[in-house]
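Biologist: I'd like to go through this one label by label. Show me the model, and then I'll ask what stands behind each term.

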Amino acid sequence: DPRFKTMRALPVSTRPVMSAENATKAARKLGDLTGRAETCGEDTDPLTSKIERMFAHVTANDQDSSRAVKAFNTAREKGAKAQDQKNKAACGEILRSFRQHPSRVGAFHRYLEQFL
């Protein structure tokens, strides 16, 4: 059929992979931001429920992914404690920064790049 001769091939998309060091570094900063936003009153459940799957998507293997998730959770606790000691006037900027997180797994890699 002549119409099949004019079709073009779909571009091959590769999954972006971060190094273990960069993923852990970004996880710490994202965890700190999430903990601070949680203390400011933001509902962080949508992000934290997907965080394991998101890090599994951007890292090369399960070991790097679990290391990044562990760093995220540790930093989240520290960020919550640090924000609890500060006044609530700084919450506006923190909440704006936190609310920029993506809801799709595919966009998570580009979001993490801002923390590097």
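**Labels and the values behind them**

Modeller: Let's start with F55, which counts as buried because its relative accessibility is 0%, and buried means under 20% relative accessible area, exposed over 50%, partly exposed in between, with a 1.4 Å probe and protein chains only. A word on the source: this is a predicted model, where local features need pLDDT of at least 70 and side-chain atom pairs count only at pLDDT 80 or more, while totals for chains, interfaces and linings use all residues. Residues are numbered from 1 along each chain as its sequence is written, and side-chain values use heavy atoms, with hydrogens and water left out.

Biologist: What makes the pair of F55 and F108 edge-to-face?

Modeller: Rings of Phe, Tyr and Trp (its six-membered ring) pair if their centres lie within 6.5 Å; planes under 30 degrees apart count as stacked, over 60 as edge-to-face and the rest as tilted. F55 and F108 sit 5.2 Å centre to centre with 90° between the planes, and that makes them edge-to-face. F55 belongs to helix α2 and F108 to helix α5, so the pair ties together parts 53 residues apart in sequence. Helices here are DSSP runs (H or I, at least four residues), as are strands (E, at least two), numbered from the N terminus.

Biologist: Why is the pair of Y111 and F115 called edge-to-face too?

Modeller: Their ring centres are 5.4 Å apart and their planes stand at 85°, so edge-to-face it is. The structure holds three aromatic pairs, and ring pairs link F55, F108, Y111 and F115 into a cluster.

Biologist: How do you know whether F108, Y111 and F115 are buried or exposed?

Modeller: By their relative accessible areas: F108 has 0% and is buried, Y111 is buried at 7%, and F115 is buried at 11%.

Biologist: Why does L116 count as partly exposed?

Modeller: Its relative accessibility is 40%, so partly exposed is the label. L116 sits in the segment after α5. Contact means heavy atoms within 4.5 Å, and leaving aside neighbours within four places in sequence, L116 is in contact with M18, N22, K25 and A26. The C-alpha atoms of L116 and K25 are 7.0 Å apart, although 91 residues separate the two along the chain.

Biologist: How do you know that the length of α1 agrees with what a helix should span?

Modeller: The expected span is 1.5 Å times one less than the number of residues. For the 20 residues of α1 (residues 20-39) that gives 28 Å, and the end C-alpha atoms are 28 Å apart, so the two agree. Among the buried residues of α1 are A23, A27, L30 and T34, and what covers the buried ones includes α2 (45-58), α3 (62-85), α4 (91-98) and α5 (108-112). Just after α1, G41 takes a positive phi of about 105°.

Biologist: Which residues bring α2 and α3 together?

Modeller: T48, I51, E52, F55 and A56 in α2 meet S65, A68, V69, F72 and R76 in α3. The residues of that contact divide into six nonpolar, two polar and two charged, where Ala, Val, Leu, Ile, Met, Phe, Trp, Tyr, Cys and Pro count as nonpolar, Asp, Glu, Lys and Arg as charged, and the others, Gly among them, as polar.
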